[in-house]
Amino acid sequence: MSRMDTKISKRIDLIHILLTAMFFSLIIAYSLMGLNEDAMNIFLVFIVMVGSIVGYYTTITAGILYSIIYIFSYASFHIFLNISRGIPVSVDVYFWMITVPLFTLAFAYYGGLIRNIQEQNSNLKKENAELVVIDKETGLLSSQTFFNELQAYMKINERYHIEVYLMLVKIKYENEVIKILGESKYNRIVNEISNAINSLLREEDRKYILRDANMFGLILLSNKDGGRYIKNRIKEMINNINFKDDIAINKIKLEVLVGLVPYRSNEISSPYEFFKMAEKDLEFDV
Amino acid sequence: MLQNIYDYLLLWSLFSIWLIVLINKLLATGGFISYLKHNKKREIFVPDEELPFVSVLIPAHNEAKVIGKTLEAIINLDYDKKKLEIIVINDNSSDDSAEILQNIKENHPERHIKIINTDSITGGKGKSNALNIGFEQSKGSLLAIYDADNTPEKNALKELVFAIIKDKKAGAVIGKFRCRNKNRNLLTKFINIEGIYFQWMAQAGRWQLFKLSTIPGTNFVIRRSVLDQLGGWDTGAITEDMEISFRIYRLGYHIRFCPRSTSWEQEPEIISVWLKQRKRWVKGNYYVLIKNFKNLFDRKTGPVRFDLFYFFAIYVLFLASSIASDLIFFLGFGGFIQTSIMGYSLLLWFMAYILFVLSVLIALSTEKGELSFSNIGITLLMYFTYSKLWAFVAVIGFFSFVNDSLFKREITWYKTERF
């Protein structure tokens, strides 16, 4: 933990103790001052509670505004009572004028600190996810670097005139498959397909799992028509995968769609375009 | 209930004080709404090629201590340098400002920098006059004005220009000012808190509720067409910024508040300098109040009537009623007079105190790093110290104003000493 984090957690500890002490004092004051004799005080406790919630869930700025509006109305009301009815201003009026802003501010501060560490946490998670290059489940490359590497391979083609293919593999009727089998079995299928892809392709071909798009992306270096051969082999292999122990998966006929596009530097200008063309080619695989 | 004249006097002072507190509470709420809006939407950017030509005017009188840094800050502003002209009016200075300025100009031959040096014959008649001299020699369709002690943030001018391009009804757009030397001593800490509070209540709050804000004398842009119609600055005014704001509103324009533009300025570090500066402001307010009093009931005056009313409420109602209620309190305490409605006065005072502290805190909470425990402590102190000084200034300012009007003192530079 860095120094900044320990500072924040120390503050949270402190404010937590303070809040407990404040509630304790409120209860003691309530009985000492005999506040339970007047029903009005129940209503004021309610205002303290609302203030705490407003403070906690919004910002310190909104919490202060809440206190300002409350104090102005409450004090004006008592000044009016004093002048028009001659009702004396008792000590509990001052007590409530201090209690409401104190609770609101303390909770607003507390909420601010909590939000602060939540924000830090989500930022760290996001940064962490961006750093993951290899997919944990399948061992394939994750989508983070996909477009960068695709661009690199496009450059290789322009310079050395080696054929570069982009192949996308997608499970046919995947939504239905998920519905029938459930997420966990679907994940098993995904793992099996990645094994098949891994065993079929060479080390220098790049194998990605594009989890956001529910696809496998393969960048292949090959000579003419090499791509088409691999396409057929993949379809065949996946048709023949035997989920020995799982009858439910074996019962449905598992098929994949494959889209395959060779890179042509005069037609394609960006990796994204390249990807879109391969995606379009998926539609023709019926 | 009400038994004698003192009771009626007390009731009257209660109403006046309560009214002021109510107005301040409304302004604080207005500031809050403005703050929410400010955080929500982003003003549209204008591409560089569509930005207008801007002339920056810097009036200066014996400012050798700060003018060099200021000019450098203006040169470093993020604005197309082909469309920016910088005019320094070095008005009747007896120090080495002229050499400092000349040096900087020679170091930046590629920039449009114009330095106008005047003496006691060609100038030396105050800030308004210096601004008029600069205005005559400028050619921009917009004029930006910075005081000689200012350090604007890099984007300060651009944000102002964006805002004025977007708003056709705006005769001028003002930015924020903050205190650069806030950590020097207790006085500058007070001034820093006061500045943030003023920005929130007066500028943001008034802008939100009445489409009204007033030029703070620095960090603002104004249209050349508006200045032409006004015939420049009023050389008779003590606070030229307040005066010109009122005239802009009478022309039918408004002044927009743009919180994205910030300029940092140097504030007085010793009490005597502070007193002198504030006395001038108070006198300026009286000048504007008297000059415009007849317009209070004229619809054409527009939202400025709120300001006139507010000045009136603060400088006349509030001052008189707090003095009256204090007097009655002491006389009653000593047994000289009898009153029957005293019970509320502690509550009224207590309410005013807590609301004051909370209103300052709400303003501080919007500036990064300002809502610290030390600033909260200073705010709790402020009511008994700094605010009392203000009451003192209001009184001496009034007498000084009367004195000046009776003996027709000549207008000259009211200079705030630099550090």
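I began with the contact, to which chain B brings 23 residues and chain A brings 20 residues. The model I am reading is predicted.

I then looked up which elements of chain B touch chain A. Those giving two or more residues to that side are α1 (5-40) and α11 (344-364) of chain B. I noted that α11(B) gives the most, with 11 residues. By residue class, the side of chain B that touches chain A divides into 17 nonpolar, five polar and one charged.

Next I turned to the domains of chain A. The assignment gives domain 1 as 3-131 and domain 2 as 141-283. I find the centres of these two domains, taken over C-alpha atoms, separated by 57 Å.

I then traced the sheet of chain A. Five strands make up an open sheet with mixed pairing, and I read their order as β1-β3-β4-β2-β5. At the edges I find β1 (141-142) and β5 (256-262) of chain A, each of which pairs on one side only.

Helix α10 (residues 271-283) of chain A lies across β2 and β5 of chain A, and runs at about 135° to β5(A).

Conventions:
Residues numbered from 1 in each chain as written. Chains lettered and ligands numbered in written order. Predicted model: local features only at pLDDT ≥ 70, side-chain atom pairs only at ≥ 80, totals over all residues. Pairing = 2+ DSSP bridges. Helix = DSSP H or I, 4+ residues; strand = E, 2+ residues; numbered from the N terminus. Contact = placed C-beta atoms within 7 Å. Axes fitted to C-alpha atoms, helices over the stretch in contact; angles between N-to-C directions. Domains from an automatic or database assignment. Nonpolar A, V, L, I, M, F, W, Y, C, P; charged D, E, K, R; others polar.
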